[in-house]
Amino acid sequence: MELSAVLTPAPEGGYVAFNPETGTTTQGETVEQALTNLAEATELYLEEFPTTITARSLLTTFQVPEHA
């Protein structure tokens, strides 16, 4: 099953990884470690809470005005 992953740099270093289809979140020191941890967390989540995922999330960008 192919799912989405959103990775953001963590303030303390490393990355926070989030799967929008299930809501699972984890972290890792590297991108690869964060993705590995996210796959494991998501697999465990789906074992406990089986669900049918019919569509992948769409990642895009938007703008907001900057305030000085």
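Four bridges join strand β1 (residues 6-9) to strand β2 (residues 15-18), and the two run antiparallel. The model is predicted. Work through the exercises with the structure in view.

**Exercise 1.** Find how many residues lie between β1 and β2, and which turn residue has a positive phi.

Solution. Start with the pairing: Thr 8 stands opposite Val 16 in β2. Now follow the chain from β1 to β2. Five residues separate the strands of this hairpin. In the turn, Gly 13 has a positive phi of about 110 degrees.

**Exercise 2.** Describe how β2 pairs with β3.

Solution. Count the bridges. There are four, and the sense is antiparallel. Tyr 15 has Gly 28 in β3 as its bridge partner. Val 16 stands opposite Gln 27 in β3. Then look at the link. The hairpin of β2 and β3 has six residues between the strands. Gly 23 takes a positive phi there, near 85 degrees.

**Exercise 3.** Give the strand order of the sheet and name its edge strands.

Solution. Three strands form an open sheet, ordered β1-β2-β3, with antiparallel pairing. The edges are β1 and β3 (25-28), since each pairs on one side only. From one strand to the next, the twist averages 25 degrees. As background, strands of a sheet pair through backbone hydrogen bonds.

**Exercise 4.** Locate the salt bridge and say which parts of the chain the pair links.

Solution. Apply the cut-off: a side-chain nitrogen of Lys or Arg within 4 Å of a carboxyl oxygen of Asp or Glu. The count comes to one salt bridge. Its partners are the side chains of Arg 56 and Glu 2, at 2.7 Å from N to O. Arg 56 sits in the segment after α1, and Glu 2 in the segment before β1. The two are 54 residues apart, so the pair links distant parts of the chain.

**Exercise 5.** Which residues gather in the patch of negative charge on the surface?

Solution. Look for Glu. The patch gathers Glu 40, Glu 43, Glu 47 and Glu 48. Then place one of them: Glu 43 lies in helix α1 (residues 31-48).

Definitions and conventions. Residues are numbered from 1 along each chain as its sequence is written. This is a predicted model: local features need pLDDT of at least 70, side-chain atom pairs count only at pLDDT 80 or more; totals for chains, interfaces and linings use all residues. Side-chain values use heavy atoms; hydrogens and water are left out. Two strands pair if DSSP finds at least two bridges between them. Patches are made of residues with over 30% relative accessible area and no salt bridge: like charges are joined within 9 Å, nonpolar side chains (Val, Leu, Ile, Met, Phe, Trp, Tyr) within 5 Å. Accessible areas come from the Shrake-Rupley method with a 1.4 Å probe; for residues, only the protein chains shown count as cover. Lys and Arg count as positive and Asp and Glu as negative; His and the chain ends are not counted. The place of a charge is taken as NZ of Lys, CZ of Arg, CG of Asp or CD of Glu. Axes are lines fitted to C-alpha atoms, for helices over the stretch in contact, and angles run from 0 to 180 degrees between N-to-C directions.
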